[in-house]
Amino acid sequence: FWLKPKIILSIASVCSWWLTTAMCIFTVKNTFICDIESEASSTHSSTRARAATADWATLESDAAHLLASESSRSFGELCAELFAAVEGGEMTASSVFEDIRGSVVALSMHAAGAALLQRMLELSRPDEAIMVAQEFRGAVCEAAFSPHAHQVLLTLVHCLGSSEVSFIAEELQGDASHCVLHPSGSTLLCQLMLFASGEESTKTLVDELLSGDLAVLCCHKFGVEFAASVVSHGTRAQQALVVSALRCNLQRFARHRFASRVLAEALLYCGEEERFALASEIMSMPGAIVALACHNFGVDVVRALLHVPQASKQAVYFIEKGSRRIMRDKYGMRLLQELGLSGVPVTAVVGGA
């Protein structure tokens, strides 16, 4: 058969290309044919490799006295050996602290180094833990956003209590709005609420956060952790600010994936008057309890509402009355089983929620 000139030219071009690249090695990645040798020598890859090497060199330089061993061994392996030596009794925590003095922050940025520091803090004397804490002065914000270093800060807050770690809250002030929406930063803020909520620096930090849009905080996947912590461990004034934000749209928040957790915490830990006011407002809408009991997030609000002394009896009444509908829902049926009402007879009751 006859091929058109354009097709013949295309075939010739492909053959020519194949001959010039015959010495290359190819592989298939995600349905694309890639030249391994060319890819390895690409500018982007080489730049990234040089950056990684530079970072590693910097890290080794910062912790040179810890890494005075064969260069072939990785940083993680050396930290693991120190960890094993302490666990096996070959070295004391005090001797390790002497070795790592001046390199704490650099160590904490690495997964193995952070694990080593956390274990050392668990075995340390108070003065050694304070020494570690002091090395984080001026580097708290950087550490708070690190997936590894923030774990060391958490351990410091837990081990030292409030006064010795007040500088952590001080350094976070001004950057709190970003910190609370970050997975590591939010966890650190919750730890401060748990162990150092009485410190003035922590109070100032919390007030800075509570002056913003609390509805956004309650509906954010990381911000919700801090909002729930304020409701559980904050002062009455701080709790009231969060509850006030929730009451702006209570029925919506009761069904929200994240905000429902804050509402449930408020029903469990706020003052008696606020708990009863929240419960009454939730139950005031006809059919609200039954609807929430059949909702994957709302059912947890109902569970918390059942712990409000002045409202639990009425809530159980609404659940029993709506049991016909609740039984047809997997979340509602589970709630009925928890309450021992899965076999409750359905009676015709008129009116109410």
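Helices here are DSSP runs of H or I with at least four residues, and strands are runs of E with at least two. On that basis the protein, which is a predicted model, comes to 25 helices and 2 strands. Among contacts with a separation of 6 or more, residues 24 or more positions apart account for 66%.

**Helices α19 and α20**

The axes of helix α19, residues 259-269, and helix α20, residues 272-283, come within 8 Å and cross at roughly 130 degrees. Because of that angle, α19 counts as oblique to α20, and the crossing in which α19 passes α20 is left-handed. The residues that meet across this pair are set out below.

| Helix | Residues in the contact |
|---|---|
| α19 | Leu-263, Ala-266, Leu-267 and Leu-268 |
| α20 | Arg-275, Leu-278, Ala-279 and Ile-282 |

By residue class, the contact of α19 with α20 divides into 7 nonpolar residues, no polar residues and 1 charged residue.

**Surroundings of α19**

Which residues of α19 are buried? They are Ala-259, Ser-260, Val-262, Leu-263, Ala-264, Ala-266 and Leu-267. The buried residues of α19 pack against α20 and also against α15 (214-218), α16 (223-233), α17 (236-246), α18 (250-255) and α22 (298-305).

Terms used: Residues are numbered from 1 along each chain as its sequence is written. This is a predicted model: local features need pLDDT of at least 70, side-chain atom pairs count only at pLDDT 80 or more; totals for chains, interfaces and linings use all residues. Side-chain values use heavy atoms; hydrogens and water are left out. Axes are lines fitted to C-alpha atoms, for helices over the stretch in contact, and angles run from 0 to 180 degrees between N-to-C directions. Angles under 35 degrees count as roughly parallel, over 145 as roughly antiparallel, 65 to 115 as roughly perpendicular and the rest as oblique. A crossing is left-handed if the near helix is turned anticlockwise from the far one by less than a right angle, and right-handed if clockwise. Contact means heavy atoms within 4.5 Å. Ala, Val, Leu, Ile, Met, Phe, Trp, Tyr, Cys and Pro count as nonpolar, Asp, Glu, Lys and Arg as charged, and the others, Gly among them, as polar. Buried means under 20% relative accessible area, exposed over 50%, partly exposed in between (1.4 Å probe, protein chains only).
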